[in-house]
Amino acid sequence: MRREQRKVMGEMAVAAKTGGALLVEALERHGAERIFCVPGESYLAVLDALHDARIPVTVCRQEGGAAIMAEAWGKMTGKPGICMVTRGPGATNASAGVHIAQQDSTPMILFIGQIERGMRGRDAFQEVDYVQMFGSIAKWVAEIEDADRVPEMIQRACHVATSGRPGPVVLALPEDMLVAEAVAPQPEPFQVVESYPGPAQMAELGELLAGARNPVAILGGSRWDEEARDSFMRFAERYQLPVGCSFRRQMLFDNLHPNYAGDVGIGINPALKERIEAADLVLLVGGRLSEMPSQSYTMLDVPQPGQKLVHVHPGAEELGRVYRPVLAINASPKAFAGMLDGLAAPQSVAWAGAAEEAHKAYLAWSGARPRVPGRLQMADVMAWIEDNLPDDAIYTNGAGNYATWLHRFHRFRRYMTQLAPTSGSMGYGLPAAVAAKLRFPERTVVAFAGDGCMQMTMQEFGTAMQDGAAVIVLVVDNGMYGTIRMHQERTYPGRVSATTIVNPDFAALARAYGGHGETVETAEEFGDAFRRAEASGKPAILHLKLDPEAITPARSLSQIRAG
């Protein structure tokens, strides 16, 4: 169909457009705010349509970084983060970000350029069956066969990515489909579907709380917002509930609120673990209490917990999947929290003083400043951060023992100040920080990265430079894959194998890109170095030299080796 042809629908004339143009038009219609991509010849028609579009495009250095940025964008906005990559190697590189989105319940859409339709099944250049490849880690995987179905498929992708338990959608785009022309009107913008608790369920929750002697709440998952967080804090105050936050979701409750009990994750405060195990009622909102927060599925018995479990989750398939709840509420945290104001405050509770006790234990646990071997004391670095950075600063991290310093010793005060993968994916911190700075340019954004973690996505510092995302990256360098070394020394003491790494001068790397870079060898040097990095107005790397013996805040490498 030629471009000048028209199809009259009622009184409206609709122009024929290429599949690529229809795709970009659909993304604009559904409110896409930014696209993260690595370009490829397989989707040139989309890149051409983006030339005239209103959506800004961030050009990344590797598809894994692009997918992580899109995932972080989905976390921050609740809308699908958009990533575009080319076929074959591009798609396989991007799979890391798709897996993060699946485990973290993040809305995301990955678009993959695909071979021409007529070449399928011949093992053509970079051919992959994406339904098979992504079938176990995406909510929906499909190939758009015809240009006139592009608007339909995009609106469906937006609904699937955001509904129930959010997650990633993967759409393959055959190259010839993208240049074919079609008449295809766009639907109205999608709306996130909410699921609400019923009055009977809220009444039953009130009855369960009234009969409890030692309850505790645990918050996690996605589909929260600031209003929902505030509603739950008011509810916790009225019911004097101790509240913990699931692994890498500490921002869901003000950590200095008198009801905050701490984070339920790796390296949990033993006092909090004991409190949850001794509880007679656990209110789990939004989270799944999977392997990391459940301490390898030991805090609650599977499938029948010893505690009464009230599980609130937007995905019906998650309710009863691992633990049998006494009350299952199929609702998003936002919708559930909005109903909590309707629960009248009790005149008294049997667990009076429990929240105060739990919060005191958290303050003691997070307020400790342990000394570690070597010149650089990370406890003092964290103390400077706590005393000097604003409450709305955003912190990102990937995976590694270094993240313990952030998770245990930083007190998250505000919503949307934390971006971290519950999947434990290395390389997350820098790309996520770039996305955060592009979304909130006025806020301080700090990425924590280990030396191994940093080198998974280090090239995205170039993306930060190109887009002017003035992130500050703290590279904690101990010359090893620290978490693996820790487990290696514990299991096979003295038999070091494949965990030592030789690193570059990370500060010099930042300067090579045109950014700001400094090396920090003592905590006393850190504050001034950070202020200089801020004042530079450029993306920055502070290279923190940590003694290899300082493997955790609690134990040295030698102590772990000795058992």
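Author: Start with a term: helices are DSSP runs of H or I with at least four residues, numbered from the N terminus. Bear in mind that this is a predicted model.

Reader: Which helix holds both Arg531 and Glu534?
Author: The two residues are three apart, so they are separated by about one helical turn. They form a salt bridge, with the closest N and O atoms 2.6 Å apart. The helix, residues 523-536, is α20.

Reader: Is Arg531 buried, partly exposed or exposed?
Author: Buried means under 20% relative accessible area, and exposed means over 50%. Arg531 has 35%, so Arg531 is partly exposed.

Reader: How many salt bridges does a search of the whole structure find?
Author: Side chains of opposite charge can pair when their charged atoms come close. The cut-off is a Lys or Arg side-chain nitrogen within 4 Å of a carboxyl oxygen of Asp or Glu. Searching the whole structure gives 28.

Reader: How many residues apart in sequence are the parts that Arg439 and Glu33 tie together?
Author: The pair forms a salt bridge, its closest N and O atoms being 3.9 Å apart. Arg439 lies in helix α15, while Glu33 sits in the loop between α1 and β4. The pair therefore ties together parts whose separation in sequence is 406 residues.

Reader: What is the relative accessible area of Glu33?
Author: Arg439 is partly exposed, at 29%. Glu33 also counts as partly exposed. Its value is 29%.

Reader: Which residue forms a salt bridge with Glu194?
Author: Glu194 lies in the loop between β10 and α8. Its partner is in the loop between β11 and α9, so the pair ties together parts 29 residues apart in sequence. The closest N and O atoms are 3.2 Å apart, and the partner is Arg223.

Reader: Is Arg223 buried or exposed?
Author: The limit for buried is under 20% relative accessible area. Glu194, at 27%, is partly exposed. Arg223 has 13%, so Arg223 is buried.

Reader: Which helix gives the largest share of the lining of the second largest pocket?
Author: This pocket has a volume of about 740 Å³. Of its 36 lining residues, the closest to the centre are Thr77, Gly78, Trp224, Asp225 and Tyr415. The lining divides into twelve nonpolar, twelve polar and twelve charged residues. The largest share, four residues, comes from helix α3.

Reader: Which elements give two or more residues to the lining of the largest cavity?
Author: The largest cavity holds about 90 Å³ of space. Of the 14 lining residues, the closest to its centre are Gly31, Ala32, Lys79, Pro80 and Ile82. By class, the lining has seven nonpolar, four polar and three charged residues. The elements are α3 and β6.

Reader: Which residues does Thr522 touch, not counting those up to four places away in sequence?
Author: Thr522 lies in the loop between β21 and α20. With a relative accessible area of 10%, Thr522 is buried. Its C-alpha atom is separated by 9.0 Å from that of Gly374, 148 residues apart along the chain. The residues touched are Arg375 and Leu376.

Notes: Residues numbered from 1 in each chain as written. Predicted model: local features only at pLDDT ≥ 70, side-chain atom pairs only at ≥ 80, totals over all residues. Heavy atoms only, no water. 1 Å grid on protein atoms, 1.4 Å probe; cavity = no way out; pocket = protein on both sides within 12 Å on 5 of 7 lines; lining within 4 Å. Points joined across faces, edges and corners; volume = space filled by probe spheres on them. Nonpolar A, V, L, I, M, F, W, Y, C, P; charged D, E, K, R; others polar. Buried < 20%, exposed > 50% of the residue type's maximum accessible area, 1.4 Å probe, protein only. Contact = heavy atoms within 4.5 Å.
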